[in-house]
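Hello,

Here is the structure I promised you. Please open it and keep it beside this email.

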Amino acid sequence: MKKTALQFLKSLGINQPVNVAAKFYMPTKRRVDLTNLNEALHDILVKYGVLVDDNTKIIVSTDGSRVFCDKTSPRTEIIITAAEPTFE
């Protein structure tokens, strides 16, 4: 995932509460751990400056994240939307 991420990501420096929903299209139907996929994605989004950090004040939810199979075009589709701040 990290190898090709840079060509598609834009440094946005998001520093407000957001929902990060991802659709992971895997090349096989092999079982994968959605939590690990989300964690790797969040790390990549921080590394390339899309998000300032991946703490719970910025990524407040991952609602809508799912895993699918697409043998011919494995990919990750990401939708980042503004969210209400969490309680402090």
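First, the ground rules. This is a predicted model, in which local features need pLDDT of at least 70 and side-chain atom pairs count only at pLDDT 80 or more, while totals for chains, interfaces and linings use all residues. Residues are numbered from 1 along each chain as its sequence is written, and side-chain values use heavy atoms, leaving out hydrogens and water.

The protein chain has 2 helices and 4 strands. Both kinds are DSSP runs numbered from the N terminus: helices are H or I with at least four residues, strands are E with at least two. Their order from the N terminus is α-β-α-β-β-β. Of the 88 residues, 28% are buried. Buried means under 20% relative accessible area, exposed over 50%, and partly exposed in between (1.4 Å probe, protein chains only).

Now look at helix H2, residues 34–47. The expected span is 1.5 Å times one less than the number of residues. For these 14 residues that gives 20 Å, and the end C-alpha atoms are 20 Å apart, so the two agree.

Which residues of H2 are buried? They are Leu37, Asn38, Leu41, His42, Ile44 and Leu45. An α-helix has 3.6 residues a turn, so residues three or four places apart point the same way. Exposed Thr35 and Lys47 sit on the face of H2 turned away from its buried side.

Just after H2, glycine 49 takes a positive phi of about 80°.

Best wishes
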